[in-house]
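Try each task before reading its solution.

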Amino acid sequence: MKKRIGSLLVGLGLFVTVMGTSLPAFAAHSCTETVTIGDVNLDGSVNAIDLLLLKQEIDCLVYFDNLQCIAADVDYNAAITMADYNMLKDYLLGNITSFPAGSSYTVYYGDVTGDQLVTDADKTKVSNYILGSVYLTSREFAAADVNGDQVVNSGDLTLINRHILNIEDHFPVCPQI
Ligand SMILES: [Ca+2]
Ligand SMILES: [Ca+2]
Ligand SMILES: [Ca+2]
(Lines give C-alpha, C1' and ligand atoms only; values in the text may rest on other atoms or scores of the structure.)
(Ligands and ions follow the chains in the order given, each with its own letter.)
Protein backbone atom coordinates (compact mmCIF):
# COMPACT_ATOMS: atom_id res chain seq x y z
CA MET A 1 0.00 0.00 0.00
CA LYS A 2 2.63 2.52 1.03
CA LYS A 3 5.31 3.44 -1.40
CA ARG A 4 8.80 2.74 -0.18
CA ILE A 5 11.23 4.99 -1.90
CA GLY A 6 14.90 4.14 -1.75
CA SER A 7 16.28 7.33 -3.14
CA LEU A 8 19.69 6.98 -4.69
CA LEU A 9 19.47 10.54 -5.99
CA VAL A 10 18.87 11.90 -2.51
CA GLY A 11 21.83 9.89 -1.26
CA LEU A 12 24.08 11.29 -3.97
CA GLY A 13 22.84 14.80 -3.32
CA LEU A 14 23.59 14.49 0.37
CA PHE A 15 27.04 13.13 -0.38
CA VAL A 16 27.80 16.19 -2.47
CA THR A 17 26.35 18.48 0.20
CA VAL A 18 28.38 16.83 2.93
CA MET A 19 31.57 17.00 0.93
CA GLY A 20 30.92 20.62 -0.05
CA THR A 21 30.46 21.85 3.51
CA SER A 22 33.08 19.57 5.09
CA LEU A 23 30.63 18.30 7.65
CA PRO A 24 31.25 14.90 9.20
CA ALA A 25 30.14 12.27 6.70
CA PHE A 26 26.86 10.82 7.92
CA ALA A 27 25.26 7.86 6.26
CA ALA A 28 23.36 8.86 3.14
CA HIS A 29 19.64 8.94 3.80
CA SER A 30 17.75 6.26 1.96
CA CYS A 31 14.89 5.73 4.38
CA THR A 32 12.04 7.95 3.25
CA GLU A 33 8.32 7.87 2.72
CA THR A 34 6.42 10.23 0.45
CA VAL A 35 2.84 11.11 1.33
CA THR A 36 0.40 12.63 -1.16
CA ILE A 37 -1.44 15.40 0.65
CA GLY A 38 -5.15 14.55 0.80
CA ASP A 39 -4.52 10.84 0.23
CA VAL A 40 -5.75 9.96 3.69
CA ASN A 41 -5.89 6.19 3.12
CA LEU A 42 -2.42 6.21 1.51
CA ASP A 43 -3.50 4.31 -1.60
CA GLY A 44 -1.90 6.75 -4.03
CA SER A 45 -4.97 8.66 -5.18
CA VAL A 46 -7.06 11.46 -3.71
CA ASN A 47 -10.76 10.75 -3.99
CA ALA A 48 -14.09 10.51 -2.15
CA ILE A 49 -12.89 7.56 -0.09
CA ASP A 50 -10.29 9.83 1.49
CA LEU A 51 -12.95 12.42 2.24
CA LEU A 52 -15.12 9.81 3.93
CA LEU A 53 -12.21 8.51 5.97
CA LEU A 54 -11.23 12.04 7.02
CA LYS A 55 -14.75 12.64 8.34
CA GLN A 56 -14.56 9.39 10.29
CA GLU A 57 -11.30 10.49 11.90
CA ILE A 58 -12.77 13.88 12.85
CA ASP A 59 -15.71 12.03 14.38
CA CYS A 60 -13.24 9.81 16.30
CA LEU A 61 -14.47 6.67 14.55
CA VAL A 62 -11.04 5.77 13.20
CA TYR A 63 -7.49 6.50 14.30
CA PHE A 64 -4.91 7.83 11.86
CA ASP A 65 -1.28 6.78 11.89
CA ASN A 66 1.58 9.28 11.52
CA LEU A 67 1.55 9.34 7.73
CA GLN A 68 -2.24 9.61 7.52
CA CYS A 69 -2.09 12.63 9.83
CA ILE A 70 0.32 14.33 7.43
CA ALA A 71 -1.98 13.55 4.49
CA ALA A 72 -5.09 14.71 6.33
CA ASP A 73 -3.88 18.13 7.46
CA VAL A 74 -4.46 19.67 4.03
CA ASP A 75 -4.64 23.24 5.34
CA TYR A 76 -1.39 22.64 7.25
CA ASN A 77 -2.33 24.14 10.59
CA ALA A 78 -1.14 21.20 12.74
CA ALA A 79 -4.70 20.04 13.47
CA ILE A 80 -7.14 17.78 11.67
CA THR A 81 -10.50 19.50 11.67
CA MET A 82 -13.61 20.18 9.60
CA ALA A 83 -11.59 22.90 7.85
CA ASP A 84 -9.47 20.13 6.34
CA TYR A 85 -12.59 18.19 5.45
CA ASN A 86 -14.15 21.20 3.71
CA MET A 87 -10.91 21.98 1.89
CA LEU A 88 -10.53 18.41 0.68
CA LYS A 89 -14.16 18.49 -0.46
CA ASP A 90 -13.53 21.73 -2.36
CA TYR A 91 -10.50 20.09 -3.97
CA LEU A 92 -12.50 17.07 -5.09
CA LEU A 93 -15.24 19.36 -6.42
CA GLY A 94 -12.66 21.29 -8.42
CA ASN A 95 -13.21 24.54 -6.51
CA ILE A 96 -9.54 24.61 -5.54
CA THR A 97 -6.57 22.98 -7.26
CA SER A 98 -3.96 22.91 -4.50
CA PHE A 99 -3.56 22.69 -0.71
CA PRO A 100 -1.64 24.97 1.68
CA ALA A 101 0.15 21.78 2.77
CA GLY A 102 1.43 21.29 -0.77
CA SER A 103 0.88 18.33 -3.07
CA SER A 104 3.17 15.85 -1.31
CA TYR A 105 5.53 15.57 1.60
CA THR A 106 8.53 13.29 2.03
CA VAL A 107 9.40 12.06 5.49
CA TYR A 108 13.14 11.52 5.95
CA TYR A 109 13.19 9.10 8.83
CA GLY A 110 15.42 10.22 11.67
CA ASP A 111 15.57 13.78 10.33
CA VAL A 112 13.39 15.98 12.52
CA THR A 113 15.26 19.20 11.78
CA GLY A 114 14.51 19.21 8.06
CA ASP A 115 18.00 19.14 6.55
CA GLN A 116 17.57 15.59 5.20
CA LEU A 117 20.49 14.41 7.33
CA VAL A 118 20.43 12.45 10.56
CA THR A 119 22.75 14.22 12.97
CA ASP A 120 23.24 15.09 16.62
CA ALA A 121 20.78 17.96 16.11
CA ASP A 122 18.04 15.42 15.42
CA LYS A 123 19.05 13.39 18.44
CA THR A 124 18.88 16.50 20.62
CA LYS A 125 15.46 17.49 19.31
CA VAL A 126 14.00 14.02 19.86
CA SER A 127 15.57 13.94 23.31
CA ASN A 128 14.03 17.31 24.15
CA TYR A 129 10.65 16.08 22.91
CA ILE A 130 10.87 13.04 25.17
CA LEU A 131 11.77 15.36 28.06
CA GLY A 132 8.73 17.49 27.22
CA SER A 133 10.61 20.68 26.38
CA VAL A 134 9.81 20.89 22.66
CA TYR A 135 6.80 20.13 20.49
CA LEU A 136 7.01 18.06 17.32
CA THR A 137 4.75 18.72 14.34
CA SER A 138 3.09 15.72 12.72
CA ARG A 139 5.79 15.78 10.04
CA GLU A 140 8.57 15.86 12.63
CA PHE A 141 6.83 13.23 14.73
CA ALA A 142 6.59 10.85 11.77
CA ALA A 143 10.29 11.33 11.08
CA ALA A 144 11.20 10.73 14.72
CA ASP A 145 9.22 7.49 14.98
CA VAL A 146 11.95 5.44 13.34
CA ASN A 147 10.66 2.11 14.66
CA GLY A 148 7.16 2.86 13.36
CA ASP A 149 5.25 2.08 16.55
CA GLN A 150 3.41 5.44 16.39
CA VAL A 151 5.04 6.79 19.54
CA VAL A 152 8.28 8.69 19.95
CA ASN A 153 10.32 7.53 22.92
CA SER A 154 13.73 6.34 24.05
CA GLY A 155 13.52 3.38 21.66
CA ASP A 156 13.56 5.77 18.71
CA LEU A 157 16.29 7.86 20.30
CA THR A 158 18.50 4.79 20.67
CA LEU A 159 17.97 3.86 17.01
CA ILE A 160 18.72 7.40 15.81
CA ASN A 161 21.90 7.40 17.88
CA ARG A 162 22.97 4.04 16.44
CA HIS A 163 22.31 5.40 12.95
CA ILE A 164 24.48 8.47 13.62
CA LEU A 165 27.23 6.21 14.93
CA ASN A 166 26.91 4.05 11.78
CA ILE A 167 26.10 1.00 13.88
CA GLU A 168 22.80 0.55 12.05
CA ASP A 169 22.06 1.80 8.58
CA HIS A 170 18.36 1.05 8.28
CA PHE A 171 15.58 2.00 10.63
CA PRO A 172 12.93 -0.64 11.39
CA VAL A 173 10.26 1.62 9.85
CA CYS A 174 12.08 1.28 6.51
CA PRO A 175 13.37 -2.28 6.27
CA GLN A 176 15.99 -2.91 3.62
CA ILE A 177 14.37 -3.74 0.31
CA1 LIG B 1 -6.60 7.75 -1.29
CA1 LIG C 1 -5.67 21.18 9.47
CA1 LIG D 1 8.65 4.93 17.90
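**Exercise 1.** Does aspartate 122 count as buried or exposed, and why?

*Solution.* Keep in mind that this is a predicted model. Start with the location: aspartate 122 sits in helix α5, residues 120-131. Next, count neighbours. Aspartate 122 has 27 C-beta neighbours inside 10 Å. The cut-off for buried is 20 or more. Aspartate 122 therefore counts as buried.

**Exercise 2.** Find which residues aspartate 122 touches, leaving out those up to four places away in sequence.

*Solution.* The contacts are Gly110, Asp111, Val112, Thr113 and Ile160. Take valine 112: its C-alpha atom is 5.5 Å from that of aspartate 122, though ten residues separate the two along the chain. Now take Ile160. It is one of the buried residues of helix α7 (residues 154-164), along with Asp156, Leu159 and His163. These buried residues fall within an arc of 100° seen down the axis of α7, so they line one face of the helix. They pack against α5 and α6 (138-144).

**Exercise 3.** Which residues of α4 are buried, and what do they pack against?

*Solution.* The buried ones are Asp84, Met87 and Leu88. They cover an arc of only 100° around the axis, so they lie on the same side of α4. Their packing partners are α2 (48-58) and α3 (66-72). Met82 and Leu93, on the other side of α4, are exposed.

How values were computed
Residues are numbered from 1 along each chain as its sequence is written. Chains are lettered from A and ligands numbered from 1 in the order in which they are written. This is a predicted model: local features need pLDDT of at least 70, side-chain atom pairs count only at pLDDT 80 or more; totals for chains, interfaces and linings use all residues. Helices (H or I, at least four residues) and strands (E, at least two) are DSSP runs, numbered from the N terminus. A residue is buried if 20 or more other C-beta atoms lie within 10 Å of its own, exposed if 12 or fewer, and partly exposed in between; C-beta atoms are placed from the backbone. Two residues are in contact if their C-beta atoms, placed from the backbone, lie within 7 Å. The arc is that of the directions from the helix axis to the C-beta atoms.
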